[in-house]
Amino acid sequence: MSAKGKRHSGWIEQGTQLWALLLVAWVWAIWSCAEYWRGNPNYSDGWIVPVLIFAYAARRLALVQIEDVSQPVGNVPIWLSVFFGIVAGALIFALELAREQVWHPIIVIWTIAFIPIALTLGVSWFAGGTKLLVAESFPILFFLTAVPWPPRFEQPITAGLMQLVAAATTGLLHSFGIPAQTAGGAITLRNGVVGVTEACSGIRSLQTGIMFGSAMGEWFWLLVWRRITLLVIAIGLALCTNLIRTIVLSSQAEWHGLDAVEGIHDLTGTLAVVVLVIAIWLCGVALRSKQRPAAGFYSENLAVRLRSLAAAFPITIQRAAAAIMVAGILGIAIAQIVSAKIEAGDQTQTASFFSVRETQPQTRVRLPRDVWNELHPSSGEYIRVRDPQWGAGETFHFFWKPSPWNHFVLVHRPDICMPGIGWKMTGAPEPITIEFSGGQKQFYLFRFRRGEIEALELWGVWRNGEAVPLDNQPDQILRAAAAPSTLQLEGKRRSATEIVACVIGGNRDRPPDAERAIAILKSVFEYSPARE
């Protein structure tokens, strides 16, 4: 091997510990966010973000003019490196245990996300000075577009979008000669009611627009003001494509009935996203600068820069990086073991306790896809009943296996969701105890009115087989406000959740009564806590 080759090999070997530390930090952050990317369709675009980060960071590293900086670093004693490692390991252990046990999940996930960001920006500044720090800031901070939004920020936007989309759709339907009325997030047509749920509010399109608009600004190497212009256009396109989709679905319901909406619901959603992405790309092409990045930077330029960066770090920093990396891996591993032991000591519900009586005449109905995607249950049934004695009713049963997402299941309560689709509550929820298979089960009665129609919903919720009192508010469920003791939930395995409900209708002359709802509910479901 030549002297030059040996020198380059030494540089790469000298930087191995630091690169390994950055790799471990990024893998941890991506792994932590992946749980949200898998479970929440609003963040499913997050999978592409790490790939774009690597590509954009590599391009900028190859093109930027790095300052010739030399950061003086004294001789760091080994004991101090070990001390840094212990402190970092303890912090990482606490964060990983909090993530596994779902303690303040949004605060934890954002803290974990900022660790590789801070480390990478620090390395950029130390090795390349201010120019490299500024150059790498965008691709590194771009990771934040894939981190879940805090509920106290996301929920008001979602609620506002639901009402805005419903109102705008109604106005446009009127201009097309289609009579429609808006009540909250519901659009009343001649053939029925089309509800603008969270899944149809446009929040996913908005998040996709922000992510892809920012990505295309970097892809086309746009100037700052053109990036801002593209981002604003992307947000506008996201809102418009979702509005067009809602108009199409409402028109389909008006012309062909509500059942026809289900047939094109997913197709229109996919088309809206495809059109949004193509439109943002075309706008990026129109706004792109005449300047082009230098060709061939993925090979020679990038390799040279990596070797020069590795040579900028003395052995003392490499030693500290190695100590922090080893301590961090140990902290994550120990947190996983401790969490597993905690969960193993819990008695966990792994299957639903309520089941359907197959002997009763009933009609199973497929739950609308947008509702299913919004609830994310492990299993569920939607059953319509027409009893000769008790009349018609609709029953629901959902079960969620242990999961960190079950912290947010309780926000889907009748008094929270029904007003969003045009129903007005006519009184406070009433607690009621119903005997099921020899046991007493806690339910609640909710009464609603929409125009001349009245509805009564019998609703109950249990966590790990224990009834959940109705003493909480949406902000408490979403961790935006302090929760009561009955809502405190730590760990995933104690979070199995089950909801059973029955809805019956009536009018002012013949209002729905609780006796009918109870009879229909008991005719459809049976309770067996021994089921596994």
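A: A residue counts as buried under 20% relative accessible area, as exposed over 50%, and as partly exposed in between. The model is a predicted one, and a search of the whole structure finds 12 salt bridges.

One of these joins the side chains of E526 and R357, with an N to O distance of 4.0 Å. E526 belongs to strand β14, which covers residues 525-527, while R357 sits in the loop between β4 (354-356) and β5 (363-364); the pair therefore ties together parts that are 169 residues apart in sequence. E526 has a relative accessibility of 32% and so counts as partly exposed. For R357 the value is 29%, so this residue is likewise classed as partly exposed.

A further salt bridge links R449 to E454, and here the closest N and O atoms are 3.0 Å apart. The two partners fall into separate accessibility classes: R449, at 29% relative accessibility, is partly exposed, whereas E454, with a relative accessible area of 12%, is buried.

The salt bridge between E100 and R99 has its closest N and O atoms 3.1 Å apart. Both E100 and R99 are buried.

D415 is located in helix α13, which spans residues 414-417. Its relative accessible area is 19%, so D415 is buried, the limit for that class being under 20%. The side chain of D415 makes a polar contact with the side chain of R413 at 2.7 Å. When neighbours within four places in sequence are set aside, D415 is in contact with M425, F446 and F448.

On the level of helix packing, helix α8 (residues 224-256) and helix α9 (residues 259-287) have axes that come within 9 Å and cross at roughly 160°. Angles over 145 degrees count as roughly antiparallel, and α8 is therefore roughly antiparallel to α9. The crossing in which α8 passes α9 is right-handed.

Technical notes. Residues numbered from 1 in each chain as written. Predicted model: local features only at pLDDT ≥ 70, side-chain atom pairs only at ≥ 80, totals over all residues. Heavy atoms only, no water. Buried < 20%, exposed > 50% of the residue type's maximum accessible area, 1.4 Å probe, protein only. Helix = DSSP H or I, 4+ residues; strand = E, 2+ residues; numbered from the N terminus. Polar contact = N/O pair within 3.5 Å; in protein donor to acceptor, adjacent residues only side chain to side chain. Contact = heavy atoms within 4.5 Å. Axes fitted to C-alpha atoms, helices over the stretch in contact; angles between N-to-C directions. Parallel < 35°, antiparallel > 145°, perpendicular 65-115°, else oblique. Left-handed = near helix turned anticlockwise from the far one by under 90°.
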